[in-house]
Amino acid sequence: MSTRIAFLKGHGTENDFVIVPDPENAVELSPATVAALCDRRAGIGADGVLHVVRSAAHPEARHLAGEAEWFMDYRNGDGSVAEMCGNGVRVFARYLQHAGLVGEGDLPVATRGGVKHAHIAKPAADGAPEGDITVSMGRAVLPEGDVTVSVGAHQWPARNVNMGNPHAVAFVTDLAQAGDLLTPPPFSPASAYPDGVNVEFVVDRGPRHVAMRVHERGAGETRSCGTGACAVAVAAARRDGLDPARTGTPVTYTVDLPGGRLSITESPDGEIAMTGPAVIVAEGEIDAGRLTAAGESA
């Protein structure tokens, strides 16, 4: 018996997602189905799935329904569940706007990492059809303890930054030192990240301007990572002696990723805002039964 799943495809700085609208949480998305949807050769292809559910209809988000109508049930490309995805929140907000469910302005979004607040801007005067989306990403947590990451014979100290999901930020002299990032870069100690970690490799491009590559848990190297860009900006600010909590002045870093550019601002109260584009590129239906059957026969 076939199961037709309505979907859209979107991306934020080329971090791409299959969007599954399901307000009443009626679509069963098993890990195998999610992985099949994200398969770039046998499926639609994406870094992850944005399952769009009303908070009141999802057991993990009902307690947040009073704060946010919509829950971003995010899944990694391998089918595993994730706490949060910064680029995903922007694309999630763009979908709600595209569907006529919200308009320009402020929008709370429930996630497993708490409620995130987005702001959908009006189109810019430069003729862009849609305005950028800013997401309030909350505050960074900086766990104590030394962490190292390695690629081949190279090893670097890394800054442990938690943005609702874990990150290890390593500053390198050349982004090519990150290798192919197809497999998770080894890290130590293992106790620092018991559930795995997103690893960012960073180089300087200029004052308050950096570039990065990232290996995301469950997805491999992606073209962009919103929480990773936030973690990188926080790590760079601490390295540069620009902790807003101490200076009393907000600090903004421009972060270049393979898929585009994000602007990250940390305020003296610790709140971090991420601004960048989000685009819906396609929509249609797919037969989930065929996807699962293809995966089982491989």
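**View 1. The largest nonpolar core of the predicted model has 51 residues**. A nonpolar core is a set of buried Ala, Val, Leu, Ile, Met, Phe, Trp, Tyr and Cys residues joined through side-chain atoms within 4.5 Å; buried means under 20% relative accessible area, exposed over 50%, and partly exposed in between (1.4 Å probe, protein chains only). The residues with the most contacts inside this core are Ile 19, Leu 50, Met 72, Phe 92, Met 137, Met 212 and Ile 264. Helix H3 gives the most to this core, with nine residues. A second, separate core of 17 residues includes Val 147, Val 151, Ala 168 and Leu 181. Residues are numbered from 1 along each chain as its sequence is written, and side-chain values use heavy atoms, with hydrogens and water left out. As the model is predicted, local features need pLDDT of at least 70 and side-chain atom pairs count only at pLDDT 80 or more, while totals for chains, interfaces and linings use all residues.

**View 2. Surroundings of Met 212**. Not counting residues up to four places away in sequence, Met 212 touches Leu 175, Glu 200, Phe 201, Val 202, Gly 228, Ala 229, Val 232, Val 255, Asp 256, Leu 257 and Pro 258, where contact means heavy atoms within 4.5 Å.

**View 3. Helix H3, residues 226-239**. Helices (H or I, at least four residues) and strands (E, at least two) are DSSP runs, numbered from the N terminus. Of the 14 residues of H3, 13 are buried, so the helix is largely enclosed by the rest of the structure. Just after H3, Gly 241 takes a positive phi of about 70 degrees.

**View 4. Arg 217 in the loop between strands S13 (209-216) and S14 (220-221)**. Arg 217 counts as buried, at 16% relative accessibility. The side chain of Arg 217 makes a polar contact with that of Glu 83 (2.8 Å). A polar contact is a pair of N or O atoms within 3.5 Å; within protein, one must be able to donate a hydrogen and the other to accept it, and residues adjacent in sequence count only if both atoms are side-chain atoms.

**View 5. Glu 14 in the loop between strands S1 (4-12) and S2 (15-21)**. Phi of Glu 14 is positive, near 70 degrees. Glu 14 is partly exposed, with a relative accessible area of 35%.

Notes: Expected span 1.5 Å × (residues − 1).
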